[in-house]
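Here's a quick tour for anyone opening this model for the first time. Have a look at it, then read on.

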Amino acid sequence: MDFSKFKNNEDNRVSNTFEGDKNLNPYAGSLDNYFDNEPQSTDDNGSIGSESTAAKYNTSNYGNSYGRNYDSTPYENGLNYERRAPTASKGTVQAIIAITFILLFGYIGFGTYYHISKTKSEYSTNTPIARGVDPAEAVEQTKVERIRTREEFKAKLEKMIQDGVDDLYVDATKDLTEDDVEAVCKSLDLDLFLYKYSGYYYTTSTQKEGDGPEYDTGEVGVNVQIDPTLEGLVYLNLTEGREIPADDIKASKLKVSCETFLKENITDDMSDYEKELVIHDYLVNKCNYASNISGDKDVYSAYGVMLNRKAVCEGYSRATALLLKLCNIETTLITGKIEDEETGEVEDDNHMWNLVKIDGKWYHLDTTWDDPIGENELNHMYMNLDDEIAGKNHDWDRSKYESCTSMDANYYTVQGTYFKDDDSFQTYVRQQLEDGNRTTIECVVGDVDLSEETLGFIFEYEGVGSYYLSWGNIEGFKHLVIHINGN
């Protein structure tokens, strides 16, 4: 998939500027200015300093959060110091101790202490500092471990994705270039069913001291935007009970639609193949291919199929995957290129379909191509193919996906209508004619003889006045229909 469109250009880069003596930038995580200077005020975004221009990277979301705490309410995952009123002295010793206390700690506000918030404790580098810890030690404890290499960056992102962290943000130095970030984002092995890569921000940080010139700190923040998909939200809700955001109306509607389908069409006594067939036929009958998408984003999701009844290949594939997964059938989204059925030319645009695991074996399933544009036919040509046959007009990176080596669960194999030799094919046609079929005889054939001389036996049967053939053009796997008497 082409990720180049997500690469930031120069106009999209964001620079943070913080003024004041030894200011704290939102990525640094240092307590220097709290031990050396009067702290600055904190704005609504949690950023410290008066001229932050990157609210996107506010400290409460992505890094350390500092602020004054004037009450005695415990602060989750952080330290909480309550504001205490000075007690009356009963003697000189107590007075000296009180004065000493004020002189030592007055620079951080009389009677006021600071807490350190750990909003994402496993990934945040800040550490709660206990009362009485030496300031120098406290600074060391809160130093941010900054990413410097592609390998470190990739490992960090993969760990966060694996653990379901929403804010994929890391602190880095300029050793990690924007080219490094882009290369890693392209190589991320995402579960396309659960997540969708939306882009990244590579944000530099500048600083100035007093009236001096602004300078580059050499520090950057990298935010990779990976969003949950509608299908992922619904699947995790129905299988793990994770909440769907209250404002995500489409995900809620999609959930109801899926629940209705399962209740009306799936039973516990059905085999995985039977469930797959019901899902395939339901989606092909329900949806129409959206030839003119005109900016409609729904056509790329299961919502377009289940609610709007129109979609492109990605929508078909996502709806197929969602219903299969809700039936506990293992499936994977696969992307690649396709060959035009009429011209034979490989198209440049990406195509998406499914791999599905039935009775321990993997198969290709393309519900999009079983729904012909402008026709109301229900086809099964692309239901459970092996790599050899699917590869006749689909192209994909075979090293990234499971191998499909079986045709056992292919629709026509299961139906007993896939014939690879002349004898089995002719036996089937004769049986159909003997049973009185005078309309259409449908099957799939491999390398068989379809010449007029060979098929002349059809006229031996009473009531047959004429016939003609129509077939698909997949080499070695032709969908053949014998039309009898013009039917």
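## A five-strand sheet

Which order do the strands take in the open sheet of five? Reading across, the order is β12-β11-β10-β9-β13, with antiparallel pairing. Strands here are DSSP E runs of at least two residues, helices are H or I runs of at least four, and both are numbered from the N terminus. Two strands count as paired if DSSP finds at least two bridges between them. At the edges stand β12 (383–385) and β13 (394–395), each with a single partner strand, so one side of each has no neighbour in the sheet.

Helix α9 (residues 272–286) packs on this sheet, touching β10 (351–358), β11 (361–365) and β12, and its direction makes about 120° with that of β12. Contact means heavy atoms within 4.5 Å. For the angles, axes are lines fitted to C-alpha atoms (for helices, over the stretch in contact), and values run from 0 to 180 degrees between N-to-C directions.

## Helix α11 and L322

Another helix, α11, lies across β9, β10 and β11, running at about 20° to β10. L322 belongs to α11 (residues 313–326). Is L322 buried or exposed? L322 is buried, with a relative accessible area of 1%. Buried means under 20% relative accessible area, exposed over 50%, and partly exposed in between, using a 1.4 Å probe and protein chains only.

Leaving aside neighbours within four places in sequence, L322 is in contact with several residues, including F193, Y235 and C258. L322 and C258 are 64 residues apart in sequence, yet 8.5 Å apart in space, C-alpha to C-alpha.

## A four-strand sheet

There's also an open sheet of four strands, ordered β14-β15-β17-β16, with mixed pairing. β14 (418–419) and β16 are at its edges with a single partner strand each, so one side of each lacks a neighbour in the sheet. Helix α14 (residues 422–434) packs on the sheet, touching β14, β15 and β17, and makes about 165° with the direction of β15.

Why is β17 (residues 478–484) largely enclosed by the rest of the structure? Because six of its seven residues are buried. β15 (residues 440–445) runs antiparallel to β17, joined by six bridges, while five bridges join β16 (residues 467–471) to β17, also antiparallel. β16 and β17 form a hairpin with six residues between them, and G476 in the turn has a positive phi of about 80°.

## About the model

This is a predicted model, where local features need pLDDT of at least 70, side-chain atom pairs count only at pLDDT 80 or more, and totals for chains, interfaces and linings use all residues. Residues are numbered from 1 along each chain as its sequence is written, and side-chain values use heavy atoms, with hydrogens and water left out.
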